[in-house]
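Hi there,

Here is the structure I promised to pass on to you. Have a look at it first, and my notes follow below.

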Amino acid sequence: MDECVNDIEAGFFGVYLLYCLNPRYKGRSYIGFTVDPNRRIKQHNGGVQKGGASKTSGRGPWEMILIIHGFPSDIIALQFEWAWQNPGKSRRLRHISNKKTKEKDIEFRFRVLSEMLNVGPWNRLPLTIRWLKQEYKMEFEKQPPTHMPIAYGPLNKRKPEKSKKGAKEELKDVSISHFTCVVCSEKIKDADDCLSCISESCPMKAHLICLAKRFLIESEDNSYLVPIEGDCPICYHTFLWRDLLKNGNGTEQTSDSNANSPHWAEALQSQEDIR
């Protein structure tokens, strides 16, 4: 079992799979997008009057059995959701055969997911595949890329640490302002636009987009959305891009160093539409 932080923080974007337990509709599934899985499943089971979707209202109870998270922005997560819901309309997924006669709905959804995780641009993203209900776990026909961990268990909402807020703001004002990007040699003005090397002894600081572009150019994958991994420009150690994002600017703990700015990935995105 891969170890993953299972806390929901600001900037969490997930696409989930629901399974219906109602005997009248048992076996049906539903795909949706959320920034808060715990709240969203309550809405689905509460019906449209509680904020649930019309397609799930009155057909519960539902269980949220699987969620894919780690999307760089809500836009990219919503594009992933649309393609998963409509594989026949997505030009990247037209090679997937239609649902077979004896194939269960949930099995078809999972088969589509298996293909999606291995097709660009999604195969480049720093995603986590999380089985929220392990009893429903299925084996992938096509294994996901090695940089995508498979995790298990629920996601817990983390309460903000009020006592550290002032200290974090001070770190942003004092610690970041005098750093220079090792890639473009310009001053780093925003803590949310700064990445540090994971190695504690390495002083590397860079603009998030500058470092991403450097990784893509060095790997000759500069037409892709985001890099998978790259070498630190100073210590030359190789790190996964997802780990660098998690490390952030090195002054605060977060699961997404650019959580409140969903546009960094779009700045790297090629002109080709994700769909």
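Tyr-236 sits in the loop between S10 and strand S11 (238-240). Its phi is positive, about 65°, although Tyr-236 is not a glycine. With 59% relative accessibility, Tyr-236 counts as exposed (buried is under 20% relative accessible area, exposed over 50%, and partly exposed in between, using a 1.4 Å probe and protein chains only).

Before going further, please keep in mind that this is a predicted model, in which local features need pLDDT of at least 70 and side-chain atom pairs count only at pLDDT 80 or more, while totals for chains, interfaces and linings use all residues. Residues are numbered from 1 along each chain as its sequence is written, and side-chain values use heavy atoms, with hydrogens and water left out.

The element names come from DSSP runs, numbered from the N terminus: helices are H or I runs of at least four residues, and strands are E runs of at least two.

Ser-185 is another residue to look at. It has a positive phi of about 65° although it is not a glycine, and its place is the loop between helix H4 (165-174) and strand S8 (194-196). Ser-185 counts as exposed, at 56% relative accessibility.

Now for a residue in another loop. Val-226 lies between helix H5 (208-218) and strand S10 (229-231), and at 0% relative accessibility it counts as buried. Its C-alpha atom is 8.5 Å from that of Pro-126, although the two residues are 100 apart along the chain.

There is also a cis peptide bond to check: the one from Gly-120 to Pro-121, with omega near 5°. Pro-121 belongs to the loop between H3 and strand S5 (128-131).

Finally, the helix pair. Helix H2 (residues 74-85) packs against helix H3 (residues 105-116) at an angle of about 130°, and their axes are 10 Å apart (axes are lines fitted to C-alpha atoms, for helices over the stretch in contact, and angles run from 0 to 180 degrees between N-to-C directions). That makes H2 oblique to H3 (under 35 degrees counts as roughly parallel, over 145 as roughly antiparallel, 65 to 115 as roughly perpendicular, and the rest as oblique). On the H2 side, the contact is made by Phe-80, Ala-83, Trp-84 and Gln-85, and on the H3 side by Arg-109, Val-112, Leu-113 and Met-116, where contact means heavy atoms within 4.5 Å.

Best wishes
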